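Dear colleague,

Please find below the structure that I promised to pass on to you, with its sequence.

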Amino acid sequence: MQMTVIGTGYLGAVHAAAMAELGHDVLGIDSDAAKIEALAQGQAPFFEPALPELLRENVRAGRLRFSTSLEEAANFADIHFICVGTPQLPGSNAADMVYVNAVATGLAPYLTRPCLIIGKSTVPVGTAARLSDLFARIAPVGDQVKVAWNPEFLREGFAVEDSLRPDRIVAGTSSTESDAILRAVYADILATGTPYITTDVATAELVKVSANAFLATKISFINAIAEVCDAVGADVLTLADALGYDTRIGRRFLSPGLGFGGGCLGKDLRAFQARADELGVGNALAFLDKVDEINTHGRDRTIDLAKEMLGGSLIDRRITVLGAAFKPNSDDVRDSPSLYVAERLRREGAAVLVHDPEAVPNARAAFPKLAYTTDAIEAFRDTELVLHLTEWREYQGLDPSVLFTMVSAPLLIDARHTLDPNLWRSAGWTLRAIGRPAPATRALEQVPVAI
Ligand code: UDX
């Protein structure tokens, strides 16, 4: 089938390559000419495992091409995926719809044949209906432009895998014809038994924001419990494992630590609330405010712990931060919890050196006043405190005994709970992790209780 994918960011570039991999004839569209040029050479504009190979193979096979022209898009196909970003609107909690609107108004004048617009971007509920009206008004073919919503659930770092082997496909359409087109697009994936949920557009839009709100709630829940664990010297990691065995709860997204960041969970949570407010049901989602607050609080607690371990003042203290990306296997630093902490420590007077295997260029562009290195071992030299903030696998392979000899003080905060505390402590390090008992923490029986 012939189709276009409009917007070639994290979502669109992967979707375009995945559609071509399924055998479709795909034209990727973006207004950023430099990005389009790189993609046309088969180069991924960001770090994403397996994407460069997928792009290269499909560009070479002639199934995947790129352009900056919406007119060319309209001429090329009658199926158009919208994959542009919906970031947080500056000064507001709502989603910024400027890119979605620009695609719709830019494409509409060229739509002279009946076609299907399939939104994949995460949008406020009601967007598909609004776009449908817009196309009916300004496209030459009028109400022969149908709008469907088909949310994307891909995780950065696993985007290729999630696109080619999704755990479900949600198709919100307003007609059986549109539904049949979506089924045909995904026929190969559906043939493997992937669940296909057919519904109306509003439900499909809501599925995506609800999924992200739920995932964020799960993370904040375990982080709130971590704070209680801290107060009594209990172990949140064991607790999470024990909860996880209950299949009604499940262990995934119950990893305590520095909390969520990235370009999706936080902004989607806020946009969902803002939309609920507009719809007059803001109270129903008021708890999401708390979810967001717990998440920010976790970052602030880590900063407080750093201060405490350094005796109260950060002025001129040398601090090493391990990890800049918002999560491992990504070079994305949008709303990175790690960089939030690093920048705050710097502003409070510390000399902060940040290590990351992939994200240093993006981190430097976002926070130019922090110091950076791509050498994980050298990052430890003469430092007074190490904060492990993004759990890249390579940090688990570090040798604490060697690093002990390089630092000024062997102090470590493991904010992601993936370093082996016994290994580090037995090499002489003082390791603290919120929600996990430090050897010096008071034991449960010493905690005052009202009887
Ligand atoms: C998320 C959703 O998972 C995905 O379905 C949606 O399409 C986009 O948003 P992504 O932002 O790529 O994907 O990252 P994800 O793996 O979900 O992690 C989000 C954040 O939560 C990261 O900062 C991660 O470190 C944190 N996290 C995740 C936790 O703190 N604990 C967990 O248990 C899981």
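Both Y10 and F46 are buried, where buried stands for a relative accessible area under 20%, exposed for over 50% and partly exposed for values in between, computed with a 1.4 Å probe on protein chains only. Please keep in mind that this is a predicted model, in which local features need a pLDDT of at least 70 and side-chain atom pairs count only at pLDDT 80 or more, while totals for chains, interfaces and linings use all residues. Residues are numbered from 1 along each chain as its sequence is written, and side-chain values use heavy atoms, with hydrogens and water left out.

The structure holds 4 aromatic pairs; rings of Phe, Tyr and Trp (for Trp, its six-membered ring) pair if their centres lie within 6.5 Å, and the planes count as stacked under 30 degrees apart, edge-to-face over 60, and tilted for the rest. One of these is the tilted pair of Y10 and F46, with 4.2 Å from centre to centre and 35 degrees between the planes. Because Y10 belongs to helix α1 (residues 10–21) and F46 to the loop between α2 (33–40) and α3 (51–60), the pair ties together parts that are 36 residues apart in sequence; helices (H or I, at least four residues) and strands (E, at least two) are DSSP runs, numbered from the N terminus.

A stacked pair is formed by F380 and W424, at 6.5 Å centre to centre and with 25 degrees between the planes. F380 lies in the loop between β11 (371–373) and β12 (385–388), and W424 in helix α18 (residues 421–426), so that distant parts of the chain, 44 residues apart, are linked. F380 and W424 are both buried, and together with W429 they form one aromatic cluster.

Turning to the domains, the assignment, which is automatic or from a database, gives domain 1 (2–199), domain 2 (209–288) and domain 3 (294–441). Between domain 2 and domain 3 about 1800 Å² is buried, with 53% of this coming from carbon and sulfur atoms; buried area is the accessible area (1.4 Å probe) that two parts lose on being put together, summed over both. On the side of domain 2, E227, D230 and L258 lose the most area to domain 3, together 34% of what that side buries. The side chain of E227 also meets that of R301 in a salt bridge (3.7 Å, N to O), a term for a side-chain nitrogen of Lys or Arg within 4 Å of a carboxyl oxygen of Asp or Glu.

With best wishes
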